[in-house]
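Student: Could you show me how to read a few features of a protein model? I would like to go step by step.

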Amino acid sequence: MKHIFAILALLGAVGIGAPAWADETPAGVSATSTAMTLAQAPSAMAEVAAATAAATAATTAAAPVATLSKADNAWIMVCAALVILMSLPGLALFYGGLVRTKNMLSVLMQVFVTFALISVLWVVYGYSLAFTEGGSFFGVLDKVFLKGITADSLGATFSKGVFISELTFVIFQGAFAAITCCLIVGAFAERAKFAAILVFMVIWFTLSYAPMAHMVWYWAGPDAYVDAAAAEAAGATAGFLFQKGALDFAGGTVVHINAAVAGLVGAFMIGKRIGYGRESMAPHSLTFTMIGASLLWVGWFGFNAGSALEASGGSALAMVNTWLATACATMSWMLAEWMIKGKPSMLGAASGAVAGLVAITPAAGFVGVMGAIVIGLLAGVICLWGVNGLKHLLGADDSLDVFGVHGVGGILGAILTGVFAAPSLGGTGVYDYVANAVGEYDMTAQVISQLWGVGTVIIWSGVVSVVAFKLVDLVIGLRVPEDEEREGLDITSHGESAYHY
């Protein structure tokens with residue numbers, strides 16, 4: 001337990017220090033951060049009445065009726081499918097190839113079933129907790145089981161008067177929630193009880209993922225910002241970190257740092273694998289890992305470009321940045337490893353690609369191509385240190401380097417978003433919906449806002465994870481018996497083998 005508190009102290013330093021001197025004034029309201037509130041469409045009768053009023057009013061202007069943008073809606077539906085592809089089969093194969101043969105199916109099963117479990121919980125209550133107006137940290141339960149959401153319900157985008165189907169937004173964000181929980185299992189692969197993992201996921205999803213999504217991404221939508229007074233009133237209903245001005249385009253804090261901290265806590269509390277540091281635990285199939293990494297790269301275009309919520313130029317910018325930063329991180333990790341170890345490895349190239357994808361995620365729609373290049377190059381080198389130097393300093397058996405890649409890469413990308421979002425460095429700046437123009441950009445204030453996001457998620461996820469793992473350990477037990485671990489979880493936990501030869 002002392003290791004847990006030591007690592008929380010280390011990782012939480014930025015959260016404890018930065019907020020203490022941070023400016024309480026938000027850096028601004030983003031035009032393209034993945035935050036929105038979804039207003040239900042008018043009823044059929046209301047639409048008819050509005051249309052009639054518009055047709056008969058000769059001298060007065062009627063309020064426009066909200067209508068679905070079919071092109072934008074179709075694009076986000078495709079992006080939702082791409083995010084699901086990232087998990088199934090992308091992440092499953094990436095993780096599966098990294099473990100030993102005797103545990104291949106166990107990892108596939110953990111990812112597959114976790115994805116299914118969280119998908120159900122998202123519809124039951126997760127969406128309502130994350131994307132309804134409530135407090136600064138949680139929404140309310142007004143939309144449990146998607147209550148009140150129909151095929152005609154509309155949700156805001158990041159342009160005034162442009163709407164997509166709320167159901168499209170539900171599945172898009174649900175895929176985010178599911179893959180976030182799937183990421184965690186890699187940190188303690190090959191020794192955790194299957195039942196313990198599932199119970200932990202229920203607790204952590206409820207108390208960490210849903211509130212973090214609300215804190216970062218919930219706001220009243222662009223149409224609420226008609227004047228300064230309305231903007232102030234709307235801003236007061238937003239999530240805690242949105243009010244702080246934290247920018248997170250597609251999940252650097254909500255997804256990657258959030259999951260990485262939970263995984264690291266789990267690695268400490270479950271303990272090291274039997275034989276760790278003494279026996280070979282090399283990946284059993286780098287072929288699967290390469291295929292998985294490739295599917296992640298393709299699916300990530302939906303993850304990042306889809307977070308613009310429109311088929312717009314901002315979506316194209318996010319797509320180009322995702323493509324470019326990933327390529328840069330692949331090269332920088334491979335070249336650094338080549339210099340250090342004398343040979344470039346497939347594992348290094350694949351890991352570099354994922355590091356680049358993680359680091360560009362919070363920045364994708366905010367930075368220009370030069371910013372994406374710098375973020376990608378730095379991510380490859382710094383995450384290489386994360387899975388080697390930092391991992392040894394921490395002393396954790398993070399089986400598949402969840403914290404070294406997703407934690408380190410997410411922190412790097414979140415902070416650098418505040419730097420490279422500056423228009424002077426080719427970024428988009430922060431949009432002022434009252435003035436309907438890009439506002440003045442204060443890099444220092446924005447970096448402080450980013451530190452608020454990083455510090456908050458580290459502390460929040462860390463505390464929730466410690467409590468959740470402890471509860472599960474008391475009730476179920478976290479770890480399989482030693483003899484089952486030695487035989488492998490495929491047979492002992494699931495009664496199956498990945499290979500028969």
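Predicted model: local features only at pLDDT ≥ 70, side-chain atom pairs only at ≥ 80, totals over all residues.

Student: Let's begin with Gly 299. Which helix is Gly 299 found in?

Tutor: Gly 299 belongs to helix H11, which covers residues 286–305.

Student: Is Gly 299 buried or exposed?

Tutor: To decide, we look at relative accessible area, and buried means under 20%. Gly 299 has 0% relative accessibility, so Gly 299 counts as buried.

Student: And what is Gly 299 in contact with, leaving aside its neighbours within four places in sequence?

Tutor: A contact here means heavy atoms within 4.5 Å. With those neighbours set aside, the contacts of Gly 299 are Leu 82, Val 83 and Met 86. There is also Cys 79 to look at: its C-alpha atom and that of Gly 299 are separated by 8.0 Å, although the two residues are 220 residues apart along the chain.

Student: Now for charged side chains. How many salt bridges does a search of the whole structure find?

Tutor: The idea is a side-chain nitrogen of Lys or Arg within 4 Å of a carboxyl oxygen of Asp or Glu. Searching the whole structure gives nine salt bridges.

Student: Which residue forms a salt bridge with Glu 190?

Tutor: That is Arg 273, and the closest N and O atoms of the pair are 2.7 Å apart. The two come from distant parts of the chain, 83 residues apart: Arg 273 sits in the loop between helices H10 and H11, and Glu 190 in the loop between helices H6 and H7.

Student: Are these two buried or exposed?

Tutor: Arg 273 has a relative accessible area of 8%, so Arg 273 is buried. For Glu 190 the value is 2%, so Glu 190 is buried too.

Student: What about Arg 273 and Asp 397, how far apart are the closest N and O atoms?

Tutor: In this salt bridge they are 2.8 Å apart. Asp 397 lies in the loop between helices H14 and H15, and Arg 273 in the loop between H10 and H11, so the pair ties together parts that are 124 residues apart in sequence. At 0% relative accessibility, Asp 397 is counted as buried.

Student: Where do Lys 391 and Asp 401 lie?

Tutor: Lys 391 is in helix H14, while Asp 401 is in the loop between H14 and H15. Their side chains meet in a salt bridge of 3.0 Å, N to O, and both residues are buried.

How values were computed: Residues numbered from 1 in each chain as written. Heavy atoms only, no water. Helix = DSSP H or I, 4+ residues; strand = E, 2+ residues; numbered from the N terminus. Buried < 20%, exposed > 50% of the residue type's maximum accessible area, 1.4 Å probe, protein only.
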